[in-house]
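Work through the exercises below with the sequence and the model at hand. Each task is followed by a solution in steps.

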Amino acid sequence: MLIAVILALSFSLSLDGYASWGNAIALMRSMAILGVFALGMIIVIIGRGIDLSQIAIGMVSAAISVKLLVAGMTLPLALLAGLVAAMAMGSINAALIHALAIPPLFTTLTSVFVFVGLARVSILPSMIINLPSQQTGLVAVGQNWHGVPIPVMVFGACALLTHLFLHATTMGRFIYAYGDNAETARLSGMPVTAIVITQYVLCALLGFVAGLLMVSTTAMVDLKTVNSTMIFDVILVVVIGGGSLAGARGGVASVLAGLLLIGVLLNGMTLMDVNAQLQNIIKGGVLLTVIMVDHWLHPYDEEDARQSV
């Protein structure tokens, strides 16, 4: 948090327009979408998992909703169809990881190609699908309300609900216990199957919400986003804020702290017109450093990792 404040002050003094209200609004709007994705990712990471398919699930499920709107379906039914699709994809990930004991990293990496490929050959032949002009309700979600971006409000609501789920529900506490030691959780009689399914389904649902926010902001779905580095931005937000890949650590506060730091950094680099490839190098270096520190602070237990599958 202190680093973010120092960076913000430095950028404010050195960059024209950085401290303007317009730039603050743009920063909040872009970080809100990344933040919703990160809320889903922190749930999975707390349970000692990872979901590299989250962006793909979010964009494919949002694209399904938009495609149905183009076909003339009502907004509630189209959103329901996208929601069900997201839940189904999250459940497939959970089943492969838990029932077949396939490591989360490989499962979700493969899922990216499977989910996007199936969608492309079945109902989404185009990489870009424009939102129908008459769908003003969904577009309104991407606008401001009394000067505050509605996506920021949606992120705030999602953050509150995620915090309450993790700390005020039995399943939330189970996820922390499972991430700490899966074998102990299993021997204690915890419903480990339900725990794994809940993690990945919630991650997928929050991905769907983030995908809809992107649609409401741009009035279209661009499946090329799946091939971007956005998933690494999501992971970077989670781990730099205090979430641990070793599991059982972190929460909504981790997302907020990481989001503030990464948001300030990315916004500053954009205003300085830093080359996109150089930005990726910087982000990759930061992510690698944070992972190394996390590994040093929380050594990886191979036997416990094998049991957690």
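Buried means under 20% relative accessible area, exposed over 50%, and partly exposed in between, with a 1.4 Å probe and protein chains only as cover. This is a predicted model, in which local features need pLDDT of at least 70 and side-chain atom pairs count only at pLDDT 80 or more, while totals for chains, interfaces and linings use all residues. Residues are numbered from 1 along each chain as its sequence is written, and side-chain values use heavy atoms, with hydrogens and water left out.

**Exercise 1. Classify Glu183 and describe its pairing with Arg186.**

Step 1. Glu183 has 25% relative accessibility and therefore counts as partly exposed. Arg186, at 29%, is also partly exposed.

Step 2. A salt bridge requires a side-chain nitrogen of Lys or Arg within 4 Å of a carboxyl oxygen of Asp or Glu. Arg186 and Glu183 qualify, at 2.7 Å from N to O.

Step 3. Both residues sit in helix H9 (residues 182–187), 3 residues apart, which means about one helical turn between them. Helices here are DSSP runs of H or I with at least four residues, strands are runs of E with at least two, and both are numbered from the N terminus. An α-helix has 3.6 residues a turn, so residues three or four places apart point the same way.

**Exercise 2. How many salt bridges does the rule give, and which one links distant parts of the chain?**

Step 1. The count comes to 3.

Step 2. Lys224 pairs with Asp222, with the closest N and O atoms 3.1 Å apart. Lys224 is partly exposed at 42%.

Step 3. Lys283 and Asp233 form a salt bridge at 3.0 Å, N to O. This pair links distant parts of the chain: Lys283 belongs to helix H13 (residues 276–297) and Asp233 to helix H11 (residues 230–240), 50 residues apart.

Step 4. Both Lys283 and Asp233 are buried.

**Exercise 3. Where on helix H7 do the buried residues lie?**

Step 1. H7 covers residues 150–168. Its buried residues are Pro151, Phe155, Cys158, Ala159, Thr162, Phe165 and Leu166.

Step 2. Viewed down the axis, these buried residues fall within an arc of 130 degrees, so they line one face of H7. The arc is taken from the directions from the helix axis to the C-beta atoms.

Step 3. Leu160, Leu161 and Ala168 are exposed on the face turned away from the buried side.

Step 4. Cover for the buried residues, by contact (heavy atoms within 4.5 Å), includes helix H2 (21–46), helix H10 (192–218) and H12.

Note on methods: Expected span 1.5 Å × (residues − 1).
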